[in-house]
Amino acid sequence: MFYAFQDTGVINNSFFVHYDIINHSPNSYHDVMWGINTDIDIGNGFDDYIGCDSTQDMYFGYNGDNDDDGGYGTFPPALGVVFLSHPMFSFMFYPNGGGDPNTNSEYYNYLQARWRDSTHLQFGGTGHLSGGPDVNFMFPMYSGWSEESEGNTPDDRRGVGSANLGNLVQNNCFTVDAAYVWSRDTVNPNPHSSVDLLLSQIPDVKQYFNQLNIDTSCDYLTIYNSINNPYNQISYLNIFPNPATAMVNIKTNLKNYTIAVYSQLGQKIMEKTNPKSLDVHNLKPGIYLIQITDGEKTD
């Protein structure tokens, strides 16, 4: 679910994302890694740099010089990707078209601070077989190792940040939250000024998110084993977004079900059979109850 708020300051320039990772398979998995792969284009996408701040669980892209030719022009902004629910385990960088993963093992390597050939990220140089110590974060702030220190030519950058989720057992789920934050210093044209502004605003974003009290229990999912199901299949129900102003989407593997919408006074507003969505744009603002019946169970 992607969502944003009409607000002031940095929150008005942020959008949030919430993921539910649900294991409906018969297997349990260990060492589950989750990541975000971002092609950060600051206006003109071919004059950018990238870096990270592991102390704030974020990575960011910014312009490689004071003038974003063909894009923002002077005073170029910076964009950060912030891990909110889990610490950022690692950050990797690679140029667009020059390091894209292609196999399962290459994807998993990037999530573990390893290159496609399974060698670990090392401090200094390109980070690949540089001879430095093994590290998990590429171009971290305040380390003396950056795109500028290496004399890199600004270009189209991609970054991969990851989180270690641990073990995901059968019929369980993880919830993961992150935010994309945009900041622009309109006083100092140095692109690092926008990075500094971005870094100073991340605590406000994290505090705002924590006040949202996002449900991490997955209790809204109806997951059960039906003793009457000869295949012993797992049934699930996902109704989103909540709250909604126009359409409510329904994702389920139930074959025959009925959904009814009730007001707080118990009045039935609508009833549908096997709907994939509900049009609620004509309903008055308020709280409504949704009941689903599948012949075996009512929720």
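Leaving aside its neighbours within four places in sequence, with which residues is serine 90 in contact? In this predicted model, contact meaning heavy atoms within 4.5 Å, the partners of serine 90 are Tyr110, Leu111, Gln112, Ala113, Asn136, Phe137, Val160, Gly161 and Ser162. The model is predicted, with pLDDT of at least 70 needed for local features and 80 or more for side-chain atom pairs, whereas totals for chains, interfaces and linings use all residues. Residues are numbered from 1 along each chain as its sequence is written, and side-chain values use heavy atoms, with hydrogens and water left out.

Serine 90 belongs to strand S9, which covers residues 90-95; strands are DSSP runs of E, at least two residues in length, numbered from the N terminus. Serine 90 counts as buried because its relative accessibility is 0%, buried being under 20% relative accessible area with a 1.4 Å probe and protein chains only. Its side chain makes a polar contact with the side chain of serine 162 at 2.6 Å. A polar contact is a pair of N or O atoms within 3.5 Å; within protein, one must be able to donate a hydrogen and the other to accept it, and residues adjacent in sequence count only if both atoms are side-chain atoms. A polar atom of the serine 90 side chain also lies 3.4 Å from the backbone oxygen of leucine 111.

Elsewhere, strands S17, S16 and S19 form an open antiparallel sheet in that order, where pairing requires at least two DSSP bridges between two strands. Strands S17 (268-273) and S19 (289-293) each have a single partner strand, so one side of each is left without a neighbour in the sheet. Strand S16 (residues 258-262) pairs with S17 over five bridges, and tyrosine 262 stands opposite lysine 268 in S17.

Conventions. Helix = DSSP H or I, 4+ residues; strand = E, 2+ residues; numbered from the N terminus. Buried < 20%, exposed > 50% of the residue type's maximum accessible area, 1.4 Å probe, protein only.
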